[in-house]
Amino acid sequence: MEGNLEMHFVLIATHTPEVCPTSNATTRDLMLQTAPDIPNLAQKAGVEIVAGPFVNREHTIVVVVQSDKVENVDRLLMESRLPHWNRVRVLPSLTMEEGLIDIEAQTPIF
């Protein structure tokens, strides 16, 4: 992807206990069906999984991905069906090094 700007995106997906795969048979079946294919879905969508998916007992899933287009991230989300049982936030993010460069380039307002 030479010439294209690769952007990191932090995906934070949250769900209620009622639809959690640990308590909901329909969601469990969906997750068991789709989760093993997520790396292939990501590759097909033009998304690199940098870290995760991480799951926890707070009904939250966190994934860090990288792509040159947010549309690719949206495609991955839809094909993985994660939004079917989660509220998903997509946070465009910078590495700490990139963030420091960005901070240095800005003029403080206070």
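Valine 55 touches Thr60 and Ile61, leaving aside residues up to four places away in sequence; a touch, or contact, here means heavy atoms within 4.5 Å. The model is a predicted one, where local features need pLDDT of at least 70, side-chain atom pairs count only at pLDDT 80 or more, and totals for chains, interfaces and linings use all residues. Residues are numbered from 1 along each chain as its sequence is written, and side-chain values use heavy atoms, with hydrogens and water left out.

So where does valine 55 sit? You'll find valine 55 in strand S2 (residues 48-55). Helices (H or I, at least four residues) and strands (E, at least two) are DSSP runs, numbered from the N terminus. Valine 55 counts as exposed because its relative accessibility is 60%. The cut-offs go like this: buried is under 20% relative accessible area, exposed is over 50%, and partly exposed is in between (1.4 Å probe, protein chains only). Now look for aspartate 68: it is 13 residues from valine 55 in sequence, and their C-alpha atoms are 25 Å apart in space.

Next, leucine 100. This residue belongs to helix H4 (residues 96-105), and because its relative accessible area is 45%, leucine 100 is partly exposed.

Here are the two residues again:

| Residue | Element | Relative accessible area |
|---|---|---|
| Valine 55 | S2 (residues 48-55) | 60% |
| Leucine 100 | H4 (residues 96-105) | 45% |

How do helices H2 and H3 pack? Helix H2 (residues 38-45) and helix H3 (residues 70-80) make an angle of about 145°, and their axes are 9 Å apart. Axes are lines fitted to C-alpha atoms, for helices over the stretch in contact, and angles run from 0 to 180 degrees between N-to-C directions. On the H2 side, the residues that meet H3 are Ile38, Leu41, Ala42, Lys44 and Ala45. Their partners in H3 are Asn72, Arg75, Leu76, Glu79 and Ser80.

Now zoom out. The protein has 4 helices and 4 strands, and along the sequence they follow the pattern β-α-α-β-β-α-β-α. Its C-alpha atoms fill a box of roughly 50 × 35 × 20 Å, taken along the principal axes. Of the 110 residues in the protein, 27% are buried. If you take contacts between residues at least 6 apart in sequence, 67% of them join residues at least 24 apart.
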